[in-house]
Amino acid sequence: METGIKFKQIMGRSMLIFLGIMLALTILSKTIYTFLLPVVKVQEVEKGKIETKLIVDGKVGPDEKFIEKKQFKVEAPLEGKVADCQIEEGGKVQKGEVLFTLEEEQSEASLLKKELEHTKLLLEQESLDRQKQALEVERGKTQEAYQKQQDKISQVAEDAELIALQEAIQKQEQEVNLNEALYAIGAVSQEAYETSQNKREELKRKVEQLTQVKIENLEKELEALQAKETTLVNQQMEIDKQSILNNHQLQVEEVDTGKRVVTAPISGYIQTLHTFEQDQVDKKEILAVIVPEDIPYRVSFEVSKVQAEKIKVGDKVKWTLERRKRDAEVIQKTLNQEKGAYTFTCEIEDMEEMPQEVVQQDGTAYKSVLIEVVQASGTYEQIVPNSAIVKQEGQNYIFVMEKQEGTWVTTYKVSKINCTLLKEGDLNTAITAIVPTGAKVVVRTSKPLKEGMEVSLE
């Protein structure tokens, strides 16, 4: 009896040990199986836009067209040598600041030339003085004629022709009065009486018309005299102005030491410096070019014709300077025939964000920047990462993973699906494919995949 019980106990323990071993082996085999499966990363097939990004080198600096229009060329006022140059390219100057000191060449030829110019000035001044005297005489005559004309207007009633008409009116008035008395007693007819009245009224109208005509003619002559006076005054002003300039030049020549200072005509930056100390310069030669200090800045970059096809005016770009990205908008597209490339000019959207050292320290310099042009397409229904696309033998396809729920375990299997590429971007691609409901696209795998293969998730 006891032997039978012990046997049963031994068998029970053996069975438990066997089941434990079998369970352990099952778990171990499952673990090994799972470990050997390809590990994949998946994501949903999304709806969205495709972006392409072009990164090129560019520059930021003052607007070249603005500089071309607003630049001021400083010219040499005389022929000679640059005794002193107090500026350098890129430097900032204030209006009136001394830029150069020029020393005139005192050669025999230059002295003769100077003497000739002095003589010309004296002769010109004498001519101006004579013109001024003649104008003064002419103005006096014009003013006198103007006064006489005003007197004529005020005394127009004393004109002989008008006086004769007034006397005729008086005589006619007497005739009307006489006819009125005779008509009252029936000595003259009504027709004779009215005829005398009409004649009197006709004489009055004639006086009024003649007076008006004479006044109008006199006023026209008066206006002509006024216009003449205005012309003479303007001529005299021009002569006075030129006379002042000549006298000033004569005074300068009297105290001329042979040196002249050249000052800045505007506040701004020295864009280019054409001459230096000890250089010989000719009169009117350009010494330097100054641009205003309130220069608008632009971002520009150059790309090939193929790249340029993807960029248009109005596109937004980002440019990086000192590790900070800033926004700009394309405002101009220009073809460079020699290089066979396009240059794009962009307007900076917020000049207040410009680094002050770029704007202030050197207003004419350009800084190298990194340009990033991002272009977005229209919206597509199916967007997948580029890594999900498998290209093989001229065919394009993706792997999608579906979840399968079992009684005891859940498995994941992949299916191979053909797809058509609609638009490729830098990170994603728009496709058209028949993707089962609930399936997710495989974007990364640890091993090559095959149709129906079981996988595990990252």
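A residue is called partly exposed when its relative accessible area lies between the 20% below which it is buried and the 50% above which it is exposed. Gly314 has 34% relative accessibility, so Gly314 counts as partly exposed. Keep that scale in mind on this tour. The model is a predicted one.

Start where Gly314 sits. Gly314 belongs to the loop between α6 (305-308) and β12 (316-321). Now look for Ile331. Gly314 and Ile331 are 17 residues apart along the chain.

Next, go to helix α1, which covers residues 2-36. Leu19 lies in this helix. Leu19 has a relative accessibility of 47%, so Leu19 is partly exposed too. Leu19 also takes part in a nonpolar surface patch. Met15, Leu16 and Phe18 make up the patch together with Leu19. The patch has an area of about 430 Å².

Now follow helix α4. It runs over residues 160-185, which makes 26 residues. From its first C-alpha to its last, α4 reaches 38 Å. That is close to the 38 Å expected at 1.5 Å a residue. Look at the start of α4. There, a side-chain oxygen of Asp159 comes to within 3.1 Å of the backbone nitrogen of Glu161. At the other end, Gly186 follows the helix. The phi of Gly186 is positive, near 85 degrees.

Which residues of α4 are buried? They are Leu162, Leu165, Ile169, Gln172, Val176 and Asn179. Take Leu165 as an example. Its relative accessibility is 11%, and buried means under 20%, so Leu165 counts as buried. Leu203 is 38 residues from Leu165 in sequence. Yet the two are 6.9 Å apart, C-alpha to C-alpha.

Helix α5 comes next, at residues 190-254. Find Gln236 in this helix. Is Gln236 buried or exposed? Gln236 is buried, because its relative accessible area is 11% and the cut-off for buried is under 20%. The side chain of Gln236 makes a polar contact of 3.0 Å with the side chain of Arg139.

The partner of β9 can be followed in detail. Strand β4 (residues 80-85) is joined to β9 by 2 bridges, and the two run antiparallel. Gly80 stands opposite Val281 in β9.

Finish with strand β11, which covers residues 297-304. How many of its 8 residues are buried? The number is 6, and β11 is mostly covered. Two strands can be traced from here. Strand β2 (residues 46-62) pairs with β11 in the antiparallel sense over 5 bridges. In this pairing, Gly58 stands opposite Phe301 in β11. Strand β14 (residues 341-348) is also antiparallel to β11, with 7 bridges joining the two. Here the bridge partner of Ser300 is Thr345 in β14.

Definitions and conventions: Residues are numbered from 1 along each chain as its sequence is written. This is a predicted model: local features need pLDDT of at least 70, side-chain atom pairs count only at pLDDT 80 or more; totals for chains, interfaces and linings use all residues. Side-chain values use heavy atoms; hydrogens and water are left out. Helices (H or I, at least four residues) and strands (E, at least two) are DSSP runs, numbered from the N terminus. The expected span of a helix is 1.5 Å times one less than its number of residues. Buried means under 20% relative accessible area, exposed over 50%, partly exposed in between (1.4 Å probe, protein chains only). A polar contact is a pair of N or O atoms within 3.5 Å; within protein, one must be able to donate a hydrogen and the other to accept it, and residues adjacent in sequence count only if both atoms are side-chain atoms. Patches are made of residues with over 30% relative accessible area and no salt bridge: like charges are joined within 9 Å, nonpolar side chains (Val, Leu, Ile, Met, Phe, Trp, Tyr) within 5 Å. Accessible areas come from the Shrake-Rupley method with a 1.4 Å probe; for residues, only the protein chains shown count as cover. A salt bridge is a side-chain nitrogen of Lys or Arg within 4 Å of a carboxyl oxygen of Asp or Glu. Two strands pair if DSSP finds at least two bridges between them.
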